[in-house]
Amino acid sequence: TLEIDTAVLQALSDVEKFGLLEIAARRMQAGKLDEALMLYETALSWNPFLLDTHMGIGLVRIQQQRYFAAEMSFTTVVTLKPDYAEGHKQLGTALLRQGRGQEAAASFRLALALAPNDVALRELLTEAEQTAPNAAP
């Protein structure tokens, strides 16, 4: 188990703290989701406005199938940076996985306005539109 000595972490420079985000990303890629989440949450305690931290937490939560929690993280991301296509894309993904196709489609459309050449995003939008209830009978 990974244990973090908070006194040591507080003494780290900003460069070293960003290294922690890299370690967290590698833990996530290795499937060590609980460790990754702990590292991201530690980084979040240092700076609650760090976009990469909220993205990392959201991505871990998607992998853990904790879609509502992921939605909260990605909502923070798009609040911090409204013109971040990947944030809107991931928010849409979290919404889609909750069966909220209409809201997901709206997020995907925002993302597409920012990244019009993203083919995967277009596919996600199509999927969301197919799962969304029709507005008119």
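A crossing is left-handed if the near helix is turned anticlockwise from the far one by less than a right angle, and right-handed if clockwise. In this predicted model, α4 passes α6 in such a left-handed crossing. The secondary structure of the protein comprises 8 helices and 0 strands, where helices (H or I, at least four residues) and strands (E, at least two) are DSSP runs numbered from the N terminus. Local features need pLDDT of at least 70 and side-chain atom pairs count only at pLDDT 80 or more, whereas totals for chains, interfaces and linings use all residues. Residues are numbered from 1 along each chain as its sequence is written, and side-chain values use heavy atoms, with hydrogens and water left out.

**Overall composition**

- Read from the N terminus, the order of elements in the protein is α-α-α-α-α-α-α-α.
- Of the 137 residues in the protein, 40% are buried; buried means under 20% relative accessible area, exposed over 50%, and partly exposed in between (1.4 Å probe, protein chains only).
- The protein has an accessible surface of about 7900 Å², and carbon and sulfur atoms account for 53% of it; such areas come from the Shrake-Rupley method with a 1.4 Å probe, and for residues only the protein chains shown count as cover.
- Contact means heavy atoms within 4.5 Å; among contacts in the protein between residues at least 6 apart in sequence, 46% join residues at least 24 apart.

**Terms for helix pairs**

- Two packed helices are described by the angle between their axes and the distance between the axes.
- Axes are lines fitted to C-alpha atoms, for helices over the stretch in contact, and angles run from 0 to 180 degrees between N-to-C directions.
- Angles under 35 degrees count as roughly parallel, over 145 as roughly antiparallel, 65 to 115 as roughly perpendicular, and the rest as oblique.
- For the classes, Ala, Val, Leu, Ile, Met, Phe, Trp, Tyr, Cys and Pro count as nonpolar, Asp, Glu, Lys and Arg as charged, and the others, Gly among them, as polar.

**Helices α3 and α4**

- Helix α3 (residues 33-46) and α4 have axes that come within 9 Å and cross at roughly 155 degrees; α3 is therefore roughly antiparallel to α4.
- The crossing of α3 past α4 is left-handed.
- On the α3 side the contact is made by L33, A36, L37, Y40, E41, A43 and L44, and on the α4 side by D52, T53, H54, G56, I57, V60, R61 and Q63.
- Sorted by class, this contact of α3 with α4 has 8 nonpolar, 4 polar and 3 charged residues.

**Helices α4 and α6**

- The axes of helix α4 (residues 51-63) and α6 come within 11 Å, crossing at roughly 25 degrees; α4 and α6 are therefore roughly parallel to each other.
- In α4, M55, L59 and I62 meet E86, G87, Q90, T93 and A94 in α6.
- The contact of α4 with α6 has 4 nonpolar, 3 polar and 1 charged residues by class.

**Helices α5 and α6**

- Helix α5 (residues 67-80) and helix α6 (residues 85-97) have axes that come within 8 Å and cross at roughly 155 degrees, which means that α5 is roughly antiparallel to α6.
- α5 and α6 form a left-handed crossing.
- Y67, A70, E71, F74, T75, V77 and V78 of α5 make the contact with G87, H88, Q90, L91, A94, L95 and R97 of α6.
- This contact of α5 with α6 has 8 nonpolar, 4 polar and 2 charged residues by class.

**Individual residues**

- G58 is located in helix α4 and counts as buried because its relative accessibility is 0%.
- Not counting residues up to four places away in sequence, G58 touches A70, S73 and F74.
- A distance of 9.6 Å separates the C-alpha atoms of G58 and F68, which are 10 residues apart along the chain.
- Q64 is in the loop between α4 and α5 and, leaving aside its neighbours within four places in sequence, is in contact with L33, D34 and L37.
- Q64 and D34 lie 30 residues apart in sequence and 9.1 Å apart in space, C-alpha to C-alpha.
- Q65 is also placed in the loop between α4 and α5 and counts as exposed because its relative accessibility is 57%.
- Most residues other than glycine have a negative phi.
- Q65, although not a glycine, has a positive phi of about 60 degrees.
- A106 lies in helix α7 (residues 101-114) and, at 38% relative accessibility, counts as partly exposed.
- The C-alpha atoms of A106 and G92 are 7.6 Å apart, with the two residues 14 apart along the chain.
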